[in-house]
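Subject: Handing over a structure

Hello,

Here is the structure for you to look through. My notes on what turned up follow below it.

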Amino acid sequence: MQTVITKSKTWLTEDSGSPTQRHRSVRSATFRVARKPLILISRIAEVLGISRSASKAEVKKAYHKAALSSHPDKVGESERADAEIKFKSVSKAYEILSDDDKRELYDAQGMSAFEAGNRGGMDAEVDLDDLLAQMFGMGGGMGGMNGAGPRPTGPRKPRRGEDEEHPYNVTLEELYKGKTTKFASKKNVICSLCKGRGGKEKAKPRECVACQGRGMQQGLKSVGPGLVTQETVICRSCKGTGKIYRDKDRCKKCKGERVVEEKKVLEIYIPRGSKEGDKIVLEGEADQLPDQEPGSIIFSLVETEHSTFRRAGSDLSAEVQISLSEALCGFSRTLIKHLDGRGIHVKHPQSDGEPLKPRSVIKVSGEGMPYKKSELRGDLYLIINVDFPGADWLKQDRRIEKLKELLPEPADPIQTEATDEVDYVKMANIDDFGAGNEGDQWEDEDEDEGGQPQCAQQ
């Protein structure tokens, strides 16, 4: 089944030949495109069975209806190839008509607006000839708006391979100091014997049957309940070349795969001050494929949790322990070991009479995380925890009396008309707060006695 376009309308015709033969069998004169933009829009709209003035809602509704009716999974095996061609036509028509920018480009320039180098936002991996064949059953370019025949394509820029992204765990110490590490990697490189052809030097390949020599195939991908989308993928049979060598003609080194596996030592440099989510890019180190620029290996940094320090941007925080005596009288000592192994010495004399309370915070300027490409650093915040003496220390009555003499007097007692002396739990758990509300329900004394509710006397 193919889409045939004339100057007046579009329809689908049956053809028993292969898709390639069907495309070639139609005369180029049949596909001459009128210069009037409105006719251009009409022809794509007719693929969905709608008028050129249809709204976006009508386009979407028509697409869903056409996509379901032409879905390859809803037909028999013998009709699946034709259904796939029709399904691709419907999908590409919807792609243009549902986007205002693409619709305007097509309205003004026809399919030339979506050619390589001027795609107007369409997928850069979609070949123009494939796009035309899928939408209109054409074997070559539309020849511009004047129908002057196929345009010369010229050399194309090699496609870029996919990037490989991996997580890379780093400690806070490594992010603080920076890190350089080496590791062995295996990747595919172009075969040096056949130079990426996959076959012997004088051997001639034959056209791949699976993709009809295009090197690409259309696959279906589920995007939701009852919804599918179509994607273009590299042909598994020919690895994107469109051609296959016979077993006896294949390269002895790569066995026709065009690439071989190679080990290589790579080096990663993590600048000091890096943070979680930063990406280390090794440009061009991904797998190689002939006629294709290799992608990159990308490492995304994942910061592991530290036992002492917490990070927020360029600042660090940590909890430190001091004694009750130090909280009251001051101190001068090393409070913490930093990420680079240095001790952080803090001198805190008791000069103003203000003791350090639990959860007080000391700020040490310039001892946080370093900034990238700079000598500046963030700040270090030390959260004070006060260690109180144990129970054994207070068992001596003389110490208690001395403390009472040294410490401030308690506040004046609260004056009330009546006072109850109560029992208490010494070491209660605040997590139990609010858990004892079962007794708050209303109880009706009449219902407990089995009687009926009484009406109030007026």
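A word on classes to begin with: Ala, Val, Leu, Ile, Met, Phe, Trp, Tyr, Cys and Pro count as nonpolar, Asp, Glu, Lys and Arg as charged, and the others, Gly among them, as polar. The model is a predicted one, where local features need pLDDT of at least 70, side-chain atom pairs count only at pLDDT 80 or more, and totals for chains, interfaces and linings use all residues. Residues are numbered from 1 along each chain as its sequence is written, and side-chain values use heavy atoms, with hydrogens and water left out.

By those classes, the lining of the second largest pocket has nine charged, five polar and five nonpolar residues. A pocket here is an open set of points on a 1 Å grid over the protein atoms alone, where a 1.4 Å probe fits, with protein on both sides within 12 Å along at least five of seven lines; lining residues have an atom within 4 Å of a point. This one holds about 510 Å³ of space. Among its 19 lining residues, Gly161, Glu162, Ile234, Leu289 and Gln292 are the closest to the centre. Strand 8 gives the most to the lining, with three residues (strands are DSSP runs of E, at least two residues, and helices runs of H or I, at least four, numbered from the N terminus).

Helix 3 (residues 56-69) and helix 4 (residues 80-97) pack at about 170°, their axes 10 Å apart. Helix 3 is therefore roughly antiparallel to helix 4, a term for angles over 145 degrees. Axes are lines fitted to C-alpha atoms over the stretch in contact, and angles run from 0 to 180 degrees between N-to-C directions. Contact means heavy atoms within 4.5 Å. The residues that meet include Tyr63 in helix 3 and Phe87 in helix 4.

Best wishes

Technical notes. Grid points are joined across faces, edges and corners, and a volume is the space filled by probe spheres set on the points. Angles under 35 degrees count as roughly parallel, over 145 as roughly antiparallel, 65 to 115 as roughly perpendicular and the rest as oblique.
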